[in-house]
Amino acid sequence: MSGDLTAPKPRKVLALLLIHADRVVPIDLLTTELWDDEPPASALTTLQTYILQIRRMLARTCGMDPATVARELLVTHADGYQLHLDGASLDLHEYQRLADQGRLAQLCGDRVHASRLLGAALDVWRGSALVDVRLGPVLRVEAQRLEEARLATWKQRIDADLELGRHREILGELGCLAARHPLHEDLQAQFMIALYRAGRRTDALDAFRRLREVLIGELGLEPSRRIQRVQHAILTADPVLDTASALDTAWTWEAGASAGNELVAAGRGLS
């Protein structure tokens, strides 16, 4: 839809309107995205020009006259602008619908459907969020929020696959994710458990070592006690790591426990 808009700033406006479709986007939010904290004296007039350009693009794309677009599709309000989708669906909405259904299936214990639905949600993505828009301060936050939501969905789908015993099938994908997110302890824990289950115990311990080196080198922090307990479970070949519930187990030190009985399952942990 945005192919006719080549200038960066009108594309920014359209991106914000689409992300907040069917809601009024305040003028202040739009001007902050366009000019940060230093809007020119002509900011409101310039924004109105961008809105006019978007309306003309919508009119051409939808086969409507500009007056109808202004009245029904991209509407002016006292404090902002509202893009009405009129029942149309964006990729973002389809992603959210599938992801919500996948999470519900996971909560209901239906791991097969959870994996399928969460995977379908991820398949809707075609690269990084807002990759073809030059991001300002508002869209940068929105893009980060979307990427974090995508990563959470990815992790939940991997949870379902590991619970289904598909550790060998997802090792390559999980290894790439762990490499791209070296500070994400939950992903590293998933990777360690998948490697352990695949008979690669040494590689699982190497993954922990790399995580520790990165955390200390970049943040001056030791790994959390939670992932240290996962490492301990791998060192001691704790049989719980081979169960479907391994990723739902929180590893906690049992006060006063003997060295051979330091790990106990207590509630939810890695998820």
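Arg-212 is partly exposed in this predicted model, at 36% relative accessibility. Its side chain meets that of Glu-222 in a salt bridge, with 2.8 Å from N to O. The pair links distant parts of the chain. Arg-212 sits in helix H10, whereas Glu-222 lies in the loop between H10 and helix H11 (225–235), ten residues apart. Glu-222 is also partly exposed, at 44% relative accessibility.

Helix H10 (residues 201–219) holds a further pair, Glu-213 and Arg-209, four residues apart and separated by about one helical turn. Their closest N and O atoms are 3.2 Å apart, forming a salt bridge. Glu-213 has a relative accessible area of 47% and is partly exposed. Arg-209 is partly exposed at 38%.

Helix H7 (residues 137–163) carries Arg-150 and Glu-147, three residues apart. These side chains form a salt bridge at 3.7 Å, N to O. Arg-150 counts as buried because its relative accessibility, 14%, falls under 20%. Glu-147 is partly exposed, with a relative accessible area of 25%. An α-helix has 3.6 residues a turn, so residues three or four places apart point the same way. The structure holds 16 salt bridges.

Helix H3 (residues 43–62) has 20 residues. From first C-alpha to last, H3 reaches 28 Å, close to the 28 Å expected. The buried residues of H3 include Leu-47, Tyr-50, Ile-51, Ile-54, Arg-55 and Leu-58. Among the elements covering the buried residues of H3 are helices H1 (8–19), H2 (27–35) and H4 (66–73). Strands S2 (74–76) and S3 (80–83) also contribute to this cover. Just after H3, Gly-63 takes a positive phi of about 65°.

Terms used. Residues are numbered from 1 along each chain as its sequence is written. This is a predicted model: local features need pLDDT of at least 70, side-chain atom pairs count only at pLDDT 80 or more; totals for chains, interfaces and linings use all residues. Side-chain values use heavy atoms; hydrogens and water are left out. Helices (H or I, at least four residues) and strands (E, at least two) are DSSP runs, numbered from the N terminus. The expected span of a helix is 1.5 Å times one less than its number of residues. Buried means under 20% relative accessible area, exposed over 50%, partly exposed in between (1.4 Å probe, protein chains only). Contact means heavy atoms within 4.5 Å. A salt bridge is a side-chain nitrogen of Lys or Arg within 4 Å of a carboxyl oxygen of Asp or Glu.
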